[in-house]
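Thanks for making time this morning. I would like to walk you through one part of a model, and I will give the criteria behind each term as we go.

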Amino acid sequence: MEQYNVTGMSCAACSARVEKAVSGVEGVTSCTVSLLTNSMGVEGTAPPEKIIAAVKNAGYGASLKNAKTTDKGGDSLQDTETPALLKRFVSSLAFLLILMYFSMGHMMFGWPLPPFFAENHVAMGLLQLMLTAIVMVINQKFFISGFKGLIHRAPNMDTLVSLGATAAFGYSAVALFLMTGAQVSGGSEAAAAYMDEFYFESAAMILTLITLGKMLEARSKGKTTNALKALIKLAPKTAAVERDGTEITIPAEDVRAGDIFVVRAGESIPVDGEVTEGFGAVNEASLTGESIPVDKTAGSSVSAGTINLSGFMRCRATRVGEDTTLSQIIKTVSDAAATKAPIAKIADKVSGVFVPAVIAVALVTIAVWLRIGRPIGYSLARGISVLVISCPCALGLATPVAIMVANGVGAKNGILFKTAASIEITGKARIVALDKTGTVTSGKPAVTDVLPAEGFTENELISLALSLEKKSEHPLAKAVVAEAERRGIISAEAENFTAVSGGGLKGTVNGMEVYGGNYAFVCGQNALPSGVEKNAETLANAGKTPLFFSSGEKFAGVIAVADVIKEDAAQAVKELKGMGARVVMLTGDNERTAAAIGKSAGIDEVIAGVLPSGKEQVIIELKKQGKVIMVGDGINDAPALTQADVGVAIGAGTDVAIDAADVVLMKNRLKDVPAALRLSRAALRIIRQNLFWAFIYNALLIPLAAGVFSVALGWAMDPMYGAAAMSLSSFCVVTNALRLNLVKINDPSRDRKIKDKTAEKAVKKEVSMEKTLVVEGMMCAHCEARVKKALEGVTGVSSAAADHVKGIATVTLSAPVADEVLKSAVEAQDYTVKEIK
């Protein structure tokens with residue numbers, strides 16, 4: 001996606017106009033315009049020159065964003081709009097107060113006036129005209145932008161404001177001209193009759209109040225990018241590198257890959273690198289949200305923007321400039337802000353026709369009131385009220401401000417949403433599919449039980465096992481070695497070491513034959529005591545792998561190894577279920593191991609025996625029941641992550657650019673999944689509130705401004721009150737979005753279940769779902785029984801029937817089961833599955 005800066009936009013109608021203009025350029029496949037950040041994201045093959053030209057032809061300005069020249073200090077996000085608007089507002093207010101003193105203070109409160117103005121109505125009118133003209137000049141931007149949009153047939157919010165102020169000023173100027181004639185012909189009393197026809201103060205008040213609203217809105221909008229600004233400021237300006245044996249200080253952007261840089265206590269790390277010498281305790285909270293320092297030694301990786309709290313490190317630069325983790329995070333957050341959520345489509349469609357429709361309503365309002373006999377001043381006031389009270393900005397800002405704040409909150413907590421759509425859909429998900437290895441479990445086997453036989457202690461058993469396992473490269477062997485290191489156990493060297501394929505290990509330790517491996521292997525070498533096999537079965541049912549050891553003719557004991565579930569897995573699953581999500585675990589492991597892990601974590605459903613290629617099909621089946629989130633490591637699970645409504649890559653660490661994932665979790669912590677759901681749901685609530693406010697505001701106040709309720713209820717709105725309401729509407733929307741900063745995304749105390757009727761219907765439909773397998777090789781009733789037993793052993797299959805004559809097997813499913821799983825179950829019995837219908 002190519003990013004552009006867009007200038008001259010003032011409301012949602014402007015962004016809709018720019019988006020329409022650019023989308024019409026040949027070669028553009030998609031275009032999203034953000035009113036919040038005044039930016040545009042374009043995908044396609046169209047050259048930048050044509051895109052910029054299209055924006056200019058629409059009446060706005062555009063320039064290509066150049067990441068290399070972007071100010072590293074975050075000045076590109078600096079709020080320069082608020083100070084300018086504050087200056088305009090203060091200047092306007094000063095002249096408005098003088099105007100109000102002369103126009104209303106004397107008549108309403110009897111405030112004294114100089115005799116010249118008290119006796120000369122024309123002079124009073126001229127003074128009001130001049131003061132109003134000054135306020136209009138101060139706020140000339142409204143008129144330039146508004147009439148420019150009108151000329152380009154793309155009216156915007158500024159058009160409404162400028163038309164309202166111009167109408168009020170123009171009508172008052174005509175009244176002043178007629179007053180002058182009456183003064184000449186009829187004297188002071190005749191001229192006084194025109195004083196009630198002046199709307200100079202309305203024109204000035206409209207401009208001043210809307211400037212106030214714009215200033216408050218700009219200030220609040222500036223706060224929505226605070227998280228992104230904080231990230232940008234993390235990048236240090238300089239780096240201490242070693243060149244030709246000398247340490248020199250250079251700008252951080254000049255560091256090259258391969259350079260050696262040094263980091264002392266209290267300094268920020270300038271680029272991504274690898275520690276070559278020294279040690280340090282690094283605070284990585286800026287990237288992961290984890291405040292506990294991480295110890296770094298030789299070989300450890302370090303990331304730009306993190307802080308070395310203590311120690312001295314010499315590092316080799318590995319990723320610099322735009323390739324650093326920090327830069328990738330900033331880019332991800334910025335790109336997400338340039339996308340649009342599906343929920344914003346309605347507002348975008350309304351915004352495209354809103355301003356022309358309001359102008360038409362204002363003209364009709366004036367015509368109707370004139371038609372029923374009301375004075376032109378009254379009729380014009382109703383039309384002006386319609387123009388100035390209408391607010392397309394609130395519609396345009398309702399979604400993007402919430403998306404920007406949510407993205408910032410997520411980034412601070414190590415949760416990166418790549419698009420606005422992913423923020424929306426995550427909150428709507430009803431099924432969370434978890435890959436087992438590395439997601440529910442740690443992905444690294446560990447010793448869970450040490451059961452020494454009579455005559456052996458735990459440490460003696462581990463020492464004996466270590467003699468063999470330290471010479472093996474098997475993952476289970478590494479778990480035993482790690483346990484021995486943790487306990488500080490050493491062992492004798494094994495001689496004549498041999499690894500027996502599919503069985504285990506053997507060698508000679510201190511002159512005695514030592515065996516280690518599975519039950520069948522060790523039992524074949526020595527007779528094992530009664531009860532050992534039953535204990536092994538119990539361990540296996542718990543999802544653990546028992547390793548048996550013997551020394552000489554003695555049985556030494558059993559060491560159980562398992563890929564243990566993460567500490568936070570059970571709590572994370574509990575929180576997901578507490579929010580109404582159904583949790584499913586996918587794994588290639590056997591049924592027994594998978595079921596044990598699923599039970600430990602409290603998972604609703606376990607689908608075992610699924611190969612990486614089959615996970616995609618499982619996700620397709622699950623999507624029939626509702627929105628699905630797939631959580632995996634982003635590598636082996638790429639097809640499933642892509643197929644899911646939202647793909648979540650967990651434990652990404654420094655690799656935030658995982659293409660298959662829509663959401664990237666920096667930490668290897670499963671509890672960040674419910675945190676992401678919590679944040680997404682909070683953002684959806686805010687968006688819905690904002691959209692409701694924007695629509696209801698216009699739906700109620702435009703008729704009120706038009707005078708619809710004046711006949712029955714006597715309600716009529718002065719244009720000044722209309723301007724005040726309009727100035728606060730956008731401010732309310734932005735301020736409401738800022739409440740997302742207060743959301744405690746790791747607090748489950750306020751979670752509530754959300755029922756999904758569509759999903760419930762899908763589940764009921766799925767219960768009676770049947771699949772037919774065309775099976776080759778069945779010859780008799782015994783074959784039928786084997787196939788039936790194999791299929792009914794699959795989780796999710798409620799019943800199965802086989803027919804060797806027809807060569808088919810039929811299964812009834814109570815839960816989604818991948819075709820790959822059914823096929824594997826049958827083919828494990830030495831039959832061939834030709835087709836699944």
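Let me begin with contact, which here means heavy atoms within 4.5 Å. Helices (H or I, at least four residues) and strands (E, at least two) are DSSP runs, numbered from the N terminus. This is a predicted model, in which local features need pLDDT of at least 70 and side-chain atom pairs count only at pLDDT 80 or more, while totals for chains, interfaces and linings use all residues. Residues are numbered from 1 along each chain as its sequence is written, and side-chain values use heavy atoms, with hydrogens and water left out.

Take helix H24, residues 591-601, whose buried residues (under 20% relative accessible area, with a 1.4 Å probe and protein chains only) are Thr593, Ala594, Ala596, Ile597, Gly598 and Ala601. What covers them includes helices H18 (436-440), H22 (532-541) and H23 (569-578), together with strands E20 (582-586) and E21. Just after H24, Gly602 adopts a positive phi of about 80°.

Now to the sheet, where strands count as paired if DSSP finds at least two bridges between them. Here 7 strands form an open sheet of mixed pairing, in the order E12-E24-E23-E22-E13-E20-E21. Its edges are E12 (415-417) and E21 (605-607), each of which pairs on one side only. Within this sheet, E13 (residues 431-435) and E22 (residues 628-632) run parallel, joined over 4 bridges, and Leu434 has Val631 in E22 as its bridge partner.

Finally, Asp449 lies in strand E14, residues 446-452. Leaving aside neighbours within four places in sequence, Asp449 is in contact with Leu539, Lys544, Val558, Ile559 and Ala560.

How values were computed
Buried means under 20% relative accessible area, exposed over 50%, partly exposed in between (1.4 Å probe, protein chains only).
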